[in-house]
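Please examine the sequence and the structure shown below before reading on.

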Amino acid sequence: MDNTSIIHIKDTNPARTRLVADWQTLMRTFIRPESDTGRPALIKYMEQILFGLHDFLKTHVGITEEISLKELADRFTDTRISDHPEKKLEHVIADLIQGIAPHAVNVASPFFVGHMTSAIPYFMVHLKTIVTALNQNVVKIETSKLVSIVEKQVLAKIHRLIFNSDDAFYREHVQNAETTLGCFVEDGTLANYTALWVARNQLLKPKGDFAGVERSGVGAALRTYGIDRCVILATRFGHFSLNKAAGLLGIGNENIVTVDTDARGRMDPGALDRTIRILQESGKSTRVMAVVGIAGTTETGAVDPLDRMADICRKNGIHFHVDAAWGGPTLMSEKYRDLLDGIAQADSVTIDGHKQFYMPMTCGMVFFKDPSALDAVAYYARYVNRPGSVDLGIKSISGSREANSLVLHSALKIMGSKGYALLIEHGIETAEAFAQEISKRSLFELVTPPTLNILTYRLCPPKLREKLQGGDAKEARRTARTINEINIALQRLQREAGKSFVSRTTLGGTDSLGEDRVVLRCVIMNPMTTLDTLKAVLDEQEALYRSYLV
Ligand SMILES: Cc1ncc(COP(=O)(O)O)c(C=O)c1O
């Protein structure tokens, strides 16, 4: 019998094998220091996993319609939990590798250039395994000890990367139990939420008999402050996590006021100034709770003019949040860090670990310039998280939480900022070369040139382009819709062919007629993605167009 199976096999004849849950064998599956018996099995299974998945990663991109989602869903409809064990671990692993992985998506393929999810360095798997094996809970020091202290150091390192305060500042705060430079959360969504949560509570803080919005609620806050609503200002390229946050915080997501952009999708600082003035002049009824600058928009990678926005926010006493979920790690490249000029003047900054820190899913982080800012959301409990303790759960939306900081702590040591800079620079420079390649091909049109490593383009045959620019507005509108349909079909055909993947989005009202433009979107973060890879993606698109769409 296999020592590490949680099952006892009742009969050695496989035809009559019945698996029965058994206490003694179950006990052997728990990680315990005194047991050496599990060791060879652990190694054997890790090998089975890594080599099995290696084969999968070599062969599939995996967005094909070879088997439809409906057929796949039909295989997973049994909703009963079996009474007795069904399978041994090695068979479960085999099932995952042979039955599940081939129908998952090989995001590690160099030809998978459609989303912000990509290959990760292999050491991330080892680091994540350590986090799992240690199973620390960083909600409190009693279940994490040194690991919480390491987390504070990692937060200080990234804080320094963003805000670059002086040595004395970091000496004072790096391990200060009273102050907090930021926090790890599950993802970018919760990082943005935390920043806006703090902004709301600082704006609608206690006053006289009013105990503050966190305690007394939004209704009482608006009455106390004599206002009808709070608004958040961002461009239409803001991530939809801002809408979720506005909903959850009781601000209402229709109170996210859209500020105009320039032709490259960056916030127009003049428009920001004007919008704030108009809102202020509308009497006391509206207060601006936060302005959100985006350092790498999800759809096009554009970076808002953070320095100009910071000046405007300072002048008006408004919380300035920078959503650098995507672009934040650009700060590690000496060559390109000035693209994010002004980020150091933000009040809060979001950065995702699972994006350009190349960490495994998932890791969000939010940082605050003021080490006391997170006091606005502090919660204590009688059994843990007592005032004055280092418990990281005090100032965090999350409760129990894995020690993701250990992964980043180690990755920063393995890579150094120069290692990360190489990845960032490869992405930006490959995107630039790709943009030039698109511009050279008559069948394509570059729609949003890259600032970082994201660009959009579309297939726009010269004949249709001429019609688009021709005098007849009605005909031009019809042509615009045809071009959109071609690009929708092209993206689907390529995805279903399964060799490569670019994503698609719609840029609202952006052509000369004010029509929506369907564009193909490329995110270049995989270091194995080269200009040749991208030329092959374009070649395939040309071939698909000529075979199916002319
Ligand atoms: C700019 C930006 N902000 C926030 C997010 C949300 O991140 P997550 O998906 O980790 O919640 C994303 C995700 O793509 C993003 O691109």
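## Aromatic pairs and domain contacts

Phe357 is buried, as is Tyr420; buried here means under 20% relative accessible area, with exposed over 50% and partly exposed in between (1.4 Å probe, protein chains only). The model is predicted, so local features need pLDDT of at least 70 and side-chain atom pairs count only at pLDDT 80 or more, while totals for chains, interfaces and linings use all residues. Residues are numbered from 1 along each chain as its sequence is written, and side-chain values use heavy atoms, with hydrogens and water left out.

How many aromatic pairs does the structure hold? There are seven. Rings of Phe, Tyr and Trp (its six-membered ring) pair if their centres lie within 6.5 Å; planes under 30 degrees apart count as stacked, over 60 as edge-to-face and the rest as tilted. Two of the pairs are set out here.

| Pair | Centre to centre | Angle between planes |
|---|---|---|
| Phe357 and Tyr420 | 5.3 Å | 90 degrees |
| Phe434 and Tyr457 | 5.7 Å | 80 degrees |

The pair of Phe357 and Tyr420 is edge-to-face, and the pair of Phe434 and Tyr457 is edge-to-face. Phe357 lies in the loop between β8 (348-352) and β9 (364-368), whereas Tyr420 belongs to helix α13 (residues 404-440), 63 residues apart. Helices (H or I, at least four residues) and strands (E, at least two) are DSSP runs, numbered from the N terminus. Because Phe434 lies in helix α13 and Tyr457 in strand β11 (residues 454-459), their pair ties together parts that are 23 residues apart in sequence. Phe434 and Tyr457 are both buried, and together with Phe444 they form one aromatic cluster.

The domain assignment, which is automatic or taken from a database, gives domain 1 (7-106), domain 2 (186-373) and domain 3 (426-549). The C-alpha centres of domain 2 and domain 3 lie 31 Å apart. Their contact (heavy atoms within 4.5 Å) takes 21 residues from domain 2 and 19 residues from domain 3.

Domain 2 and domain 3 bury about 1600 Å² between them, with 57% of it on carbon and sulfur atoms. Buried area is the accessible area (1.4 Å probe) that two parts lose on being put together, summed over both. On the domain 2 side, Glu299, Thr300 and Trp326 lose the most area to domain 3, together 35% of what that side buries.
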